[in-house]
Amino acid sequence: MIQAIAIDDEIPALSIVQNFCNRTDFINLEKTFNQPTEALKHLRKFPVDLVFLDIHMPSLSGIDLYKAVQQDTMAIFTTAYAEYAVEGFNLNAVDYLLKPFTYRRFLQAAEKAKDYYSYLKAKEKTTEQYLFVRADYTLVKINTADIVYIEGYDDYLKIHIAGQKPVITRMTLKTILEKLPAHQFVRIHRSYVIPVRRVENLRNKIISLGEIKLPLGSSYEENFLKRFNR
């Protein structure tokens, strides 16, 4: 099921999208917004898979709003102005709907989003599940599912692994993040990277990974909350 929201300054246009989504069994339209700034605030706290987004809005254009969305989100632009379509495609939009559009045309765009969503999910499943690092002049293979957390010390790391001694390797947190599956790990502090699936709770800026408690750094809080809420 694709989780979506719709944003349009015209309420009748939102009603049409709502009606069409209700007729489409693979899209759950969570909310609608006629104030784009409110929608942006919502997206920053509660990411979704897809946004139906009007391009021409007086307070904040759909183009600018989509550029401000930091997480990966699919977009289907809606507009009454055909000249805006090219700019929408430059932002890698899934499709654009020229108002007024029929349900048949809406469904074509929705099917494109469904296909791309399926592709992304399949890509996640086939992501490399092993990490190779050099430690003590030896190449060590680490199952990413066994990583409890990673601790950074300037130019070397201590990789804490379930049921094993930590592996110490000369590398930075930035470098190891580039090697890890992006959807599985998140940086929470200048000194820590953790697997999202091991997070049990967050309280007073302390993240619990079972018995392990790690601090959430202020500059990493917004990104972590997006991932954790999702």
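Setting aside neighbours within four places in sequence, F106 is in contact with V17, F20, C21, T24, F52, L97 and F101, where contact means heavy atoms within 4.5 Å. The model here is a predicted one: local features need pLDDT of at least 70 and side-chain atom pairs count only at pLDDT 80 or more, while totals for chains, interfaces and linings use all residues. Residues are numbered from 1 along each chain as its sequence is written, and side-chain values use heavy atoms, with hydrogens and water left out.

F106 also turns up in the largest nonpolar core, which has 23 residues; V17, I27, L50, F52, I76 and F106 touch the most other members. A nonpolar core here is a set of buried Ala, Val, Leu, Ile, Met, Phe, Trp, Tyr and Cys residues joined through side-chain atoms within 4.5 Å; buried means under 20% relative accessible area, exposed over 50%, and partly exposed in between (1.4 Å probe, protein chains only). Two or more residues each come from β1 (2-7), α1 (11-22), β2 (27-33), β3 (50-54), β4 (74-79) and α5 (103-125), with α5 giving the largest share, 6 residues. Helices (H or I, at least four residues) and strands (E, at least two) are DSSP runs, numbered from the N terminus. A second, separate core of 19 residues includes I7, L43, L53 and Y66.

As for T73, this residue sits in the loop between α3 (62-68) and β4 and is buried, at a relative accessible area of 8%. Not counting residues up to four places away in sequence, T73 touches V48, D49, L50, V51 and Y66.
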